Structure formats: structure tokens, C-alpha cells
Amino acid sequence: MSVLTRDEAQTRSRLLDVHHYAIDLDLTRGDETFDSRTVIRFTVRGDTDSTDTFVEVKPAELRAVTLDGQPLDPAALDENRLALKNLAPGEHELRVDAAMRYSRTGEGMHRFTDPTDGETYVYTQLFLDDVQRVYAAFDQPDLKAVFDLTVTAPEGWTVLANGITEHTGDGRWKAATTPLISTYLVAVAAGPWHSVRTEHRGLPFGIHCRRSLAPHLDADADELLDVTRACFDRYHEKFTEPYPFDSYDQAFVPEFNAGAMENPGLVTFRDEFVFRSAVTETQRQTRAMVVAHEMAHMWFGDLVTLRWWDDIWLNESFAEYMGYQTTAEATRFTDTWTDFGVTRKAWGYDADQRPSTHPVAPEDVRDTASALLNFDGISYAKGASALRQLVAWLGEKDFLAGINIHFERHKFANASLADFIDSLAAATDRDVHAWADAWLRTTGVDTLTPSIAGDNGSRVLTVHRTGERPHRIAVGLYDQDPGEEGSLTPRERLDIDVPQAEPRPIGKLPALVVLNDGDLSYAKIRFDADSFRAVRESLSGLPDPLTRAVVWNALRDAVRDGELPAATYLDIARAHLPHETDLALVDGVLAFAAGQVADRYVTPEQRPAALNTLAELCRDLIRRTEDGDHPGLRLIAVRHRISTAAHPDTIAAWLADGTVPGGPELDPELRWRILTRLAVLGATDEAAIAAELAGDPSATGQEGAARCRAALPDAEAKARAWEAMFASDDLSNYLFTATAQGFWQPEQADLVRDYVPRYYPEAVALAARRGPAIADAAGRWAFPAHAVDDDTLRLGQECLADADPIPALRRKLTDQLDDLARALRVREANTD
């Protein structure tokens, strides 16, 4: 498929004004294809006699095309481009009649049949250039148009779209005409949905899921709608421009590749957010944040849309920042920034230290394939962190004033970074252009380090910086609490601009100095020697969870940089995590300790001791929560106790009894988690997996069974799993991911050793056949991450040099190989 270049998009934008799309979809044509008929009305600008351009479409069959009533030859379609030649200035009408393929990979029009009840659902995911899989379009974000959509659907289905839909009879549905929106924001979700509907501020609101999840959606409907209403009202307090669409539907759809998608008026979410098993408050908080994030897109991205994909941060960084901030302001989930600090921010730090790093606002995104690679921790987490720093530096009043100027200037149109900075500059006297150059046009993570000089009682603090960005940070000074051993008392919080004009007096020597206390900037921090001793002895005695998140992140970074031995990190976790009260911190620290430290940063010989430390830590947490007062903390401890089990006896007994002693009872998620670990340990078999699947034949059950089967330490099981992933193209995106998650296990390194050299050529071939979504999954989940050795690294480097993987896989392999090289360096540092 030809990808659209920036130069081509700019040329086409100068030539055309696109006014209106009429799209007619017929979803009754069978399991493989649907019919798509599109009428596009557009104007050719200019005073030349004629011009040439093209329209994009990727059909199973292109049946007919007419331009201004004259037929064009469908055979002239070149990959995904149909040339439109000799266009005279003025009005034109293009009609395209095609059959389109349903997707099983979450791209275009995804089709899913629920194994629980046999019901079928379809939905669109048209980002970034998958519009062409559903309807013909001039597919670039700055050619906005008005859309009219009609859909023919099977009997008993409901059709959801960007606007209010009406059933006109005989399976025909008509959606209300949209305002001006970009092609990738058109959305359809059709099937026998279970729906909960209400109204708020005169607008219809709805939440929707497949029927088999109805009881679980109903159980959480009040919470979901309360969060939706609260965020909606808070955005209307922040933004002077009202919500720009006629309704607000949220559809929880199966096998969704992203967390959610901001289609105006019809946000689609992965339906794991309809919780069918026990979850923690942090998981509920994450769901609320995603609701807030996607709603922010109604303004950032939908009302005002980027002009080209180099400004994707104008969508994602803003929605990320607004999602966390508005959730904290408007809902019961007031500690969102702690979760951001320990999970999302680490994603940004990691991405920004790889060779594939890029500025938050890159200047050269040459085509759509390159643009797709930038949906990463930089565009989301680093960008949101930069905006949080901007608010700290600019002040929220001027920040919001600049945003509202931006909306007013560019509503229902497109904008660039320069436009946004000009809007901010109109609201403040500060030099936001210089700020943007320093923060949005650069790469890498600065490191901040404190030094203290002077005599006791007249100490001064200097903050040293690597890098060139200005930082406005808070510095927390803490003293040991004389009345309670292991507790730290805040003495003072200093506001400091880095670089400093001069050292800052701090009086007597504090026990602990925490740079970036409150986490308002984006930088790695280090500790002076006295402060590190206080961290080792008293980390859990810090009173604020956000401060503790900053400290845990600093320890994490030091491990990854080879400056803190992995064993020391585990010792600190063992000492302090049993006393932690914040669920996001417990879960985040355990995830890093297990998934990176135990699985990759320690040697195979050291791994049993690391797993034993984590198992003891989890046992401490389970004992601490026996009173039933901390169910979320207990659930996290139980999950990680299962995942780090080195021996099967305890968790096998839990599975046999259907409960953990003292609770919780095992729901489907915990049962599949235990069975997966038992499979890894060779303590279950195909018969047990089949029996579990018979009891839970849901889509999640199918994924659990695939994961377990791939995890069995049996040569035939591994061969079947490999064949399913790489030789057959039958697996959906979710079943591929589940199989990949089960396949590679550190405990089974000898069994799967021969598959490591096979991975690279077969992943390249798979990605070329199946496209970016499966390429992403193959690079993320099917990569042999457990194989931390020079041979794996060498084979990967040779693959990148010689095999020419498609961009999506190349990016994933680049990142994986850099992480592998880092793991080798960490191991070497730990043995010095």
C-alpha cells in the first residue's frame, strides 16, 4: 500500500476543498466483506485548465467509479490510489462503489463473533490511514468535510455513529449530519448492543457493550455515567467553546488495539474496561482517566485537528494531561498524578532514552507510516509532563486562556504547533516560543542532582543539571521524625528554577532532599549520599504518595542506568513495599521488580533468589491484609504472588479450592492467571486447560486458553503455538497476543532456544503479510525478551541491517534490541 507523504498531502490541500461525503455501508453481505458506496463532493481550486490528484481506497473489489457522471476504469486502481486526472477548476462529484474486507486485526472495519453467545459485532477503527479499508476518501486530516452516513444492518442490530442515529425501516439506519471533521474520525459500531442511555445538559448520553457483558456493564453503569457527567461539566468550566457534537456515546468494543479512540460523538474503548472480574480502585481510576482523556479529544483533536501528523502531540499530550488533571479535579479519584508518575511517566522516560526517540513535536514526519510510529511514550507521557511543567511555569489561568484563544481561532478547522504557541503567546507576557523550542523540539531526559555545601546550620543547596531545558521544580526537605522511627517529616518545600542564579540556603542538613517533589517536571533525579541512606531506611515513612512515586522512579532509573544494583532495589522493595498504602505504587513497583529486574536484569542463576524475595514480599502483603480492610491491596498481592510462584503447590491448592485462604474467591481472571503460571511450571496439562475453557468459553477465556497452551513446557505445544503465530494467518490480534505472551518463558529457555534465531526472519515475513497491527504485536509480545545474551542482540542487529522489516516492526525491534542491550549492561554492572 502506498503511504501518503507530507509533500503529497500539502500539494493536495492546496488543490482541493472537500465539502461533503455521503457514505452508504451494507453490513448484510456475509462474513468476509461489506459493501461501501461513497459520494464525494469537492472543489478544485486554481485558474489552470486542469490538474491531477488521487483518491485513496483499499477494496476487496472495486466495482465502479464515476467522476462527474463519467465512468473511470476500476482497473486503474494502483494499490490504494485511484488517479483523478485532468480536473478542471470548480465543483466535482466522485462516486465509488466497492466491496471491502472485514478486519480481524482491529484495523478498518473489525468483525468479531462472541464465542459466549454467537452474536456478531462490527466497528470501525480508522486511525491513522485505515479509512481506506472502509470508504474512499481524500485521506488526510486537513481536508475536513461534512459527513452523511447510512448503514444497512442485520435484523436486531443497532447502529451507532458520530451523530444520533435513526432506524428508518428494513434494517436501514441514518446518522445525523456531522459538522466538519477529519476523515479518520468517522465512526460506526453495529451489532446487537446492550445499551444504557440517559441525558445530560440536553444531550443524549449512552454506554454500550456486547450482550454477554451486559451484567458487568450494568453493575458499573452509575459509576461510568457519573464520571462522564462530571468530566463533561468540568470541561465546560475550563473551556469557553461548548461541546461541539449532538450526542455522546461510549461503546466498549472487542479486540480493540488501543485503549480507546476519540471518534466525535462515539468514543470506542477496549471492552476490558467492562470489568468482569474483581479490580482495584487504581484500575477504576485508570478507566475514569481514559474517559476523561477521550472526552478532552472532543476539543483537542476533533474540534481543532492537527494539520499534519507531526503535531500529533497537540492531540495526545493535551488529552493525556487533561485526562489526569480533570479526573483529579472532578471525580473521586484524586490521586491520579501518582499513578501517572509511577506508570505512564516511566513509559516516557524509557522511550526517550532509546535510539528511536523523537521530539514531542518533531519537525520532519515525512509520511503516514512514520507518523504511526510516534504514538508512544513521548507523544503521550513526555508531552503531558511537558504541559504540566508549562502550567507550573505559566500559571493555569494564562494556560487556559491560551487554550481558549486556540479553540476560538481554529474551531472546526486545523492547526499546527506554531498556531498553538501563538495562541498561548496572546495570553501571556512570557516567552512561550523559547519554552517550546526547549521542551518540544528536543530529545532526551535531563538528570537533576543535588549537592549540599557549608557548615551545619548554614547549608546551601545547588541543583546540577545535565541537558539544556529550564525546569521549575519543587525541592522537598525532610527531617527524621524523632518521635517515630522510620518516619520523615516535611521541613520545607522550595520552589527553584534550574539553572539556578545562585545556591539556595537551607539551614541545617536535612535527612533527605527530594528534587522535583510533586513531580511537576520531566527529569531523572539522583540523591546525595545522605539522602540515599534515608531512602533505604525510611522510604515508606514519606507522608505523600506522590513524593514516594518520585523516589521509586529515581530508584528505578538508577537500576536501569546500572548505578543501583538490582539486588539493592529488591531489598528496598522488600523492606518498604509491605508498608505502602497507595495501590498504584505497589502494583507499579512489583511489576518492574518482576518483569524487568527478576526476568531480565539478574542472571538466570540469580533469578530464583529474586523470585523468592518477591514471593516473600507478596506473602507479607497478603498477611497484612487478612483483616479484609484492604481488598485492593490484597488483590494486587495475590496476583503478583501467582505470577512469581517458583513452585506450584500453593497456587495449585488455591485453584483446587477456588479461593485464596481468607479471600478472595477466584474469579475468571485469577483462575486463568493461576493456570498460566501452572502451565509455565509444568504443573498442568491440556485436559485441565480444556476443562477451564469449558467453564469460561468467553472471548477472555479463549485468550486465556491460548496463553496457557503456548506456555506448556512441551515441544509439541511450542510447535503448535509457533505455527499458529507465524505460519497461519488465522489468529485475531488478541489471540495472537495471548499466544505470544505464553510462548517465551525464562524458565523454559532451553526448550525454546532454537526458536530465537527463527523469530527474526519469520516476524519480518509475518509483518509484511498481515500489516502494522500484527507487526506491532509481533514486535512487542512475540519478541524473545527473556533471551538476554549477545547472540539474540547480534541476530536482531543483522535483521535490522539486512531484512528490511516494515516500519512498524522495525521500530519495535529497534526498541526491543536497545532494551536488551541495556539489560546486558545492567547485568555487567551488577557483577562488577
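The axes of helix 8 (residues 396–410) and helix 9 (residues 417–425) approach within 7 Å and cross at roughly 125 degrees. That makes helix 8 oblique to helix 9, where angles under 35 degrees count as roughly parallel, over 145 as roughly antiparallel, 65 to 115 as roughly perpendicular and the rest as oblique. The crossing of helix 8 and helix 9 is right-handed; a crossing is right-handed if the near helix is turned clockwise from the far one by less than a right angle, and left-handed if anticlockwise. Helix 8 contributes Phe-399, Gly-402, Ile-403, Ile-405, His-406, Arg-409 and His-410, which meet Asp-419, Phe-420, Asp-422, Ser-423 and Leu-424 of helix 9. Contact here means heavy atoms within 4.5 Å. The residues of this contact divide into five nonpolar, four polar and three charged, with Ala, Val, Leu, Ile, Met, Phe, Trp, Tyr, Cys and Pro taken as nonpolar, Asp, Glu, Lys and Arg as charged, and the others, Gly among them, as polar.

The model is predicted: local features need pLDDT of at least 70, side-chain atom pairs count only at pLDDT 80 or more, and totals for chains, interfaces and linings use all residues. Residues are numbered from 1 along each chain as its sequence is written, and side-chain values use heavy atoms, with hydrogens and water left out. Helices (H or I, at least four residues) and strands (E, at least two) are DSSP runs, numbered from the N terminus. Axes are lines fitted to C-alpha atoms, for helices over the stretch in contact, and angles run from 0 to 180 degrees between N-to-C directions.

Helix 13 (residues 566–576) and helix 15 (residues 607–624) pack at about 15 degrees, with their axes 9 Å apart. That makes helix 13 roughly parallel to helix 15. Helix 13 passes helix 15 in a left-handed crossing. Leu-570, Ala-573 and Arg-574 of helix 13 make the contact with Ala-610, Thr-613, Leu-614, Glu-616, Leu-617 and Asp-620 of helix 15. By class, five of these residues are nonpolar, one is polar and three are charged.

Helix 4 (residues 312–330) and helix 5 (residues 336–352) pack at an angle of about 145 degrees, and their axes lie 8 Å apart. From helix 4, the contact involves Glu-320, Tyr-321, Tyr-324, Gln-325, Thr-327 and Ala-328, and from helix 5, Thr-336, Trp-337, Asp-339, Phe-340 and Arg-344. This contact comprises five nonpolar, three polar and three charged residues.

| Helix pair | Angle between axes | Distance between axes |
|---|---|---|
| Helix 8 and helix 9 | roughly 125 degrees | within 7 Å |
| Helix 13 and helix 15 | about 15 degrees | 9 Å |
| Helix 4 and helix 5 | about 145 degrees | 8 Å |

Helix 3 (residues 281–296) has 16 residues and reaches 22 Å from its first C-alpha to its last, close to the 22 Å expected at 1.5 Å a residue; the expected span is 1.5 Å times one less than the number of residues. Buried means under 20% relative accessible area, exposed over 50%, and partly exposed in between (1.4 Å probe, protein chains only).

In helix 24 (residues 772–780), the buried residues are Ala-773, Ile-774, Ala-775, Ala-777, Ala-778 and Gly-779. Their cover includes helix 22 (733–743), helix 23 (755–770) and helix 26 (807–831). Met-725 belongs to helix 21 (residues 715–727) and counts as buried at 1% relative accessibility. The C-alpha atoms of Met-725 and Ile-774, 49 residues apart along the chain, are separated by 9.9 Å. Leaving aside residues up to four places away in sequence, Met-725 touches Leu-731, Phe-736, Thr-739, Ala-740, Phe-743 and Leu-766.

Most residues other than glycine have a negative phi, and most peptide bonds are trans. Val-498 and Pro-499 are joined by a cis peptide bond, with omega about 5 degrees, and Pro-499 is placed in the loop between strand 25 (488–498) and strand 26 (504–507). A cis peptide bond also joins Gly-663 and Pro-664, with omega about 5 degrees; Pro-664 is in the loop between helix 17 (649–657) and helix 18 (668–680). Asp-68, a residue other than glycine, has a positive phi near 55 degrees. Asp-68 lies in the loop between strand 4 (61–67) and strand 5 (70–72) and is partly exposed at 39% relative accessibility.
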